[in-house]
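Dear colleague,

My notes on it follow directly after.

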Amino acid sequence: MRIAAMLLGGALPFLPMLPASAFTAYVSNEGSNTVTVFDTETFEVTATIPVGQRPRGIQLTKDGKHLLVAVGDDDTIELVDTATHEIVGTLPSGPDPELFTLSPDGNLVYIANEDDNMVTIVDLAERAPVGEVQVGVEPEGMGISPDGKILVNTSETTNMAHFIDTETHEIVANVLVDARPRIAEFKQDGSEVWVSAEIGGTVSVIDPATKEIKKKITFEIPGLRAESIQPVGVRITKDGKKAYVALGPANRIAVIDADTHEVEDYLLVGQRVWQLSFTPDEKYLLGTNGVSNDVSVVDVAEGKVVNTVQVGELPWGVAVSEN
Amino acid sequence: MLPASLLFGQIEAAPAAEPAEVGIGYLYSSRGLEPLALAEVPAENDGQAGAELAIEDNNTTGQFLNQHFTLEMTELADGADPAEAVGGLAQQGIGYVVADLAADELLAVADAAKEAGITVFNIGAPDDRLREADCRANVIHVAPTRSMLADGLAQYLVWKQWRRWLLVEGSHPEDKLLADAYRRAAARFGAEIVEERRIEDTGGARQTDSGVVQIQSRIPVLTQEAPDYDVLVAADESEVFAAHLPYRTWDARPVAGSAGLMPTSWSPAHGQWGALQMQSRFGKRFSRPMTERDMLAWTAVRLVGEATSRTNSTEPATVDAYLKGPELGLGAYKGQKLTLRPWNLQVRQPILLTDGRVIVSVSPQQGFLHEVSELDTLGIDQPETECRLP
């Protein structure tokens, strides 16, 4: 212990300047109540931060100074200082927060409260609730339009994507999707919102203007039963050309042409892949493998899994910092 | 042809018209004896609470679709005419009935319901015959069968390499049916029943002040001199003795079946796949744990809700066609969607294995393969079925 501490202490002043492509990834470990921190250049784990109970949803504030971690069993969202790794505060998230998203300006946090059929809106600077919206049964996924005007919340048992006006906090439309919708993700140009249905096994591509389902993406993997294909995490590149969908116990990430909505490839990753995140330069896509306790690293240009990082138990969410 | 609005899945917000009403009946009869385990005495609203929660869930969804669901509870008194009870529900315009009844009562209700165009959801009778020779085109079976439960346990015991079973069965007809299901499971999955024993129900009180002293000396005697075995499998659906077996057998062996490691479709111990949310919502609403009967009732009422929202219709014929069609897939916290076996209208479902405190495993076990659905490795499968629906 003492040697390690001395080495660490001794090494600090000589830290080289990191190249521009090195980012910091944060992974919430639902089972071990920690956040694993690793470098996206070396893929070395640099720290493990103890947090509250059952950490799941995880995101960085826009300035990168804080990491927000939903700790469902503590009924709060913790703010972790990304420089010191100290927990510096909590947000009044409402009970059992699981997933949340930030407004494009970074000022508001929209939180799904699964037990109360409710979305809570919290002012980040004030750390105070500023609104609530009643939605369907077991709200989960939260997607915000790039202009911040529409929030799409999915409710897992009602099986709907609720389109919420962020000005009035009113639901303006409800779109019925397949069973157990988990994630809502907008294209950067706002032309489409993609909603994954875990039990239904599909991704609905919804036109936010007409609120109509343009296309239902289905998945077929030779040798795998349809029931094991359970889409959860969805990420779309900034140029709107490629999309990636984590398929849960199918142990694969689907690569999709986001223009034609055709599946191009299935990348074999770890077990029960759930959430995804790009590095800010979109060089890599990271996927959390809950059952194998690791994170798969996909080289986006190559379309290949190039690395695996061991993290804590039952990794759930992942966020990557610009810093 | 579905309306365009449904095809594209959009539902207008803030509807102005009166909501379409969907009434769901719930028929139940008294359950006879108290359970052997004092901690498991059911609440007054056992089952009903699950149905009520599902009605609330359906209505949360229904508010966006302008649909409204209500529950009508009806007790089928001892000796009462099931046709009369069904007639009463039909008069209220009810098209769906959740039935927590024994097999013969269920058949009487189903036949009366057929006349009235009512679909019945069986949550109370695990009898395989209701899905086989006695199957009915208007009965959807939400409850798993004895053979599904036995197969779910058997797959795990075989995976565990506990292949030599001492089968101990009770003396009531339903105990024999359950023992038959275990015999079938043993033969199917390669286990061996090394010996069978039977424990007679000699009557008497379930709970007594000093009963434990006698039980402690009796159970070892009842289980001694058995051939070498890995696990005792108890078939005691009537709850006469099984709860007393664990820790009291002559040989130090685990107990499974009606006590010890038990197969079930739901347990308050189940938290995976979002089930924790369900347990938590139920606990908040009713201040007690959610039982298997609650979950079966919830599932039945949610099936109606799901089919109603998917078809955007309150026409029983339309809803019924969806329920029995290939599109149906209900999320019910089991890690995969629940679907119907089209040949006998049994809900396919994973089987949980629990000791009452934690979930030990969930069947089907890995490696038990099937060409259609691995869930069809549980229970009587299509090639063996005796059911011929019109």
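Angles between axes count as roughly parallel under 35 degrees, roughly antiparallel over 145, roughly perpendicular from 65 to 115, and oblique for the rest. This is a predicted model, in which local features need pLDDT of at least 70, side-chain atom pairs count only at pLDDT 80 or more, and totals for chains, interfaces and linings use all residues. Residues are numbered from 1 along each chain as its sequence is written, while chains are lettered from A and ligands numbered from 1 in the order in which they are written.

In chain B, the axes of helix α9 (residues 292-311) and helix α10 (residues 316-323) come within 9 Å and cross at roughly 105 degrees; the two helices, α9(B) and α10(B), are therefore roughly perpendicular to each other. Among the residues that make the contact (C-beta atoms, placed from the backbone, within 7 Å) are B:Leu303 and B:Ala307 of α9(B), together with B:Val319 and B:Tyr322 of α10(B).

Helix α2 (residues 48-65) of chain B has 18 residues. Of these, 15 are buried (20 or more other C-beta atoms within 10 Å of a residue's own, C-beta atoms being placed from the backbone), so α2(B) is largely enclosed by the rest of the structure. After α2(B) comes B:Asn66, with a positive phi near 60 degrees.

In chain A, strand β8 (residues 97-102) has five of its six residues buried and is thus largely enclosed by the rest of the structure. β8(A) pairs with strand β9 (residues 108-113) of chain A in the antiparallel sense over four bridges, pairing requiring at least two DSSP bridges. A:Leu102 stands opposite A:Val109 of β9(A). Five residues lie between the strands of this hairpin, in which A:Gly106 has a positive phi near 80 degrees.

With kind regards

Conventions: Axes are lines fitted to C-alpha atoms, for helices over the stretch in contact, and angles run from 0 to 180 degrees between N-to-C directions. Two residues are in contact if their C-beta atoms, placed from the backbone, lie within 7 Å. The expected span of a helix is 1.5 Å times one less than its number of residues. A residue is buried if 20 or more other C-beta atoms lie within 10 Å of its own, exposed if 12 or fewer, and partly exposed in between; C-beta atoms are placed from the backbone.
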